[in-house]
Amino acid sequence: MRIFVSLFISGLLVTSVNAQTIIKREHSAVPINENIHIDGVLNEASWNQAPIADNFTQFQFKYNMASAYKTEVRVLYDNTAIYIGATMYDPAPDSIQVGMTQRDEFATADFFGIILDPYLDGNNALEFFVSAAGVQGDAKAYAGAGNFGEDFNWDAVWASDVKISEIGWVAEMRIPYSAIRFPNVDVQTWGVNYIREVKRNRDKSSWNNFDPQIDGFVKQCGLLKGIEHIEPPIRLSISPYFSSYYDLYSDKINDISSTAWSFNGGADLKYGLNDAFTLDMTLIPDFGQVQSDNQVLNLTPFETYYVEQRQFFTEGTELFNKGDLFYTRRIGGTPYGYYDVYYGLDTSESVIDNPIQAHLLNAAKVSGRTSKGLGIGVFNAVEGETYATIENSEGEKRSELTGPRANYNVLVFDQQLKNNSYVSLINTNTLRDGNYQDANVTGMEFLVNNKSNIWGVEGGAAYSSIFDADAEPTTGIHHRIRGGKTGGKRRFILGYDYIGSTYNINDLGYLPINNQLNFSFNTSYNSYEPLWHLNQIHMVFETNYLRLVDPEAFQNFSIYGETYGSFRNYMYAGVFFYTEPVTTYDYFEPRVPGRFYTYPVNYNFGGWLSTDYGKRWAIDINSNYRVFDDEGRYRWNVSMSPRWRATDRILIILDAGRYYWPGDVGFVNLMGDSIIMGRRKNVTMEGVLSVNYAPLVSMNFNMRLRHYWSFAEYSDFYNLGENGELLATTYNSFLPDGTSSDDVNFNAFNVDLVYTWYFAPGSELNVVWKNAIYQFGTLLPENYVDDLNQVFDSPTNNNFSIKVLYYLDYLYLQKRKA
């Protein structure tokens, strides 16, 4: 029998559920009539009238221990904003770390933050942080991702300042009501928590204690009371932009060069439809300044996944990510018929221009949550037509449609239930003009927790439909369920996941593999008590048993285990193993339905460590060795990432990795009814140098240089047998010099140099230089220097751009007008 008891003791609301105790402390805000000047000095009289929130508790490196540093927080409010004044006492103020970084990054500085849950639903919150250097950070927090459900792509417009003194440092914030959503009621009760980290000692603490054994931190906030008779303001802002681009293309080998200018203009609009729902629109968007993609050599049968970099598609998308059915890179991505244009050419024709990105006209989204906990999200985007240009030997040109006009839609309903549970309904829809493929996917997912949030069951189902003009619709299904003990020190989860052979969400989603049935078991042990030299330790063990759906057959069985933890010197480290202890069957590598490659038994061992980022020097190291029951075949991967905080304003990070795979076996091509497989040495080396220089809080320079080199060198070829074995073949692509025409060499060399100046609240100037070199061929260089010579002899594209975005807020304009 479960007993739920609530007691008010000394201003604390104590909620006991079984063995779990959640303490909700209370703090009160005080109304004011005077103006508060945000300068990092709490010298207004109102601050002295505000109750103090103090007695912080550590929750990360030293769980449930009192912070060694005193912190006092006060909250005020008026008709337009809430004000937070935090005093961070420190006996050694000259040791306060004040690393200057770009917005949303605090790896090298002490910081203070506030978490606000205005609807008190325990699932969604807003976070506002400021570092001891004065750098702002903000994020949306949401349930469903454990203690890491934070979206730092969300940016609000608010004010803050800090001051360091002989007692420590002070943070002062003004968060306008236009930056948050809250219910339209006379008396407000919000969820709240305050966070502080002293970087040099990794003392990370909160006002209301976080229990890491309970999944999710929003529901562990305290209560903020005392805010009364405030009204949600008109939330309307528009951010017009102007941009200009200069492109320089150079091919020095063929003595070809070209230049081009372009000018763009558009706007982003935000409008609060009511106290809970917001409309976001981007009109004639310009995403040309986003970071270059990490292009790779993909020898697998699966599509490469690219991380979304465009802010409109990363900000405030937690609702649209429900069900994992929406992959935003489909919008404005590669045109639907990009590759088809090459197959319809006459012998005298060639493609001289084929845009790799579809023309995105506009996108809009409406999202929010009602007072009853119903979240609603509506998304729409429209692409215009995209054309390739084809020229014949006589110089005559023609255009061919590669991307039709397209309309993308996403609709989400997400009902929150008690115990931080939820049920969601999701629909994605793709409509294209003309005789092109349309698609529709409808899905649902749910999470049900018990009162203590220790036991839970989650699952979902989806139904996909593909519509071709000249064929019957192709439909498919996906359903899954997993559950068990999801909280506490000892946890276990059983899972079942069925993906039908015709299930396809890739018109607006991302699904690399279908036609699979997976049974899984996961168990873990998590200790947050100090042991030996460890602050905490985690152990994980997992097994997966996979079968093919059509034809029904065994596919794979694997075992995975890992032990990791944090040490008292604030270093993280772990070791892991992975094995496929029986012969398995790869039904995807042959690229022919029903055929498979017999994959050998293999064993993988590895480890990693990450030292204290609070030091000037730190390093991440990751390595693993995978050996196969196949003579001469193994994989050895090593990556290192040293970081150096040269000054409080300069941070340098080098990511370097080498991935050495001799004796690898993979698909080569099809020869009639024969599937040709090859044995190859696949070597990949990648280096990324990142330099961030922030001379001011409002200004930073960011340079990112990446060189990626990967090649595959073939040594043998085989026919793939009916039983998945490798058989002798007459296929031979070897050249007189011993190389093969199937050898592959790929390089990607990118430089992104970005200057950003936040010249007014919400407004920014960006100046960007992007250099891109992509080299693909069959000639394998002898060494790294020889490869670099190939790279710099390849065609180069340089792009120079400037973009100005200005934030206009309706309330500010009304105030000036008055």
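1. In this predicted model, strand E25 gives the largest share of the nonpolar surface patch, namely three residues. The patch covers about 510 Å² and is made by Val378, Leu411, Phe413, Leu417, Val423, Leu425 and Met444. The elements that give two or more residues to the patch are strand E25, which spans 406-417, and strand E26, which spans 421-432.

2. Leu417, one of the residues that make the nonpolar patch, has its place in strand E25.

3. Strand E46, residues 796-805, pairs with strand E17, residues 236-251, in the antiparallel sense, and ten bridges link the two. Within this pairing, Tyr245 has Ser801 in E46 as its bridge partner. Strand E46 is also joined to strand E45, residues 763-777, by nine bridges, and these two strands likewise run antiparallel. Here the bridge partner of Lys770 is Asn799, which lies in E46.

4. Elsewhere in the model there is an open sheet of five strands, in which the order is E4-E6-E7-E13-E12 and the pairing is mixed. Its edge strands are E4, at 30-31, and E12, at 159-165, each of which pairs on one side only.

Notes. Residues numbered from 1 in each chain as written. Predicted model: local features only at pLDDT ≥ 70, side-chain atom pairs only at ≥ 80, totals over all residues. Heavy atoms only, no water. Pairing = 2+ DSSP bridges. Helix = DSSP H or I, 4+ residues; strand = E, 2+ residues; numbered from the N terminus. Patch = residues over 30% accessible without salt bridge, like charges linked within 9 Å, V, L, I, M, F, W, Y side chains within 5 Å. Areas by Shrake-Rupley, 256 points an atom, 1.4 Å probe, with all protein chains shown as cover. Salt bridge = Lys/Arg side-chain N within 4 Å of Asp/Glu carboxyl O.
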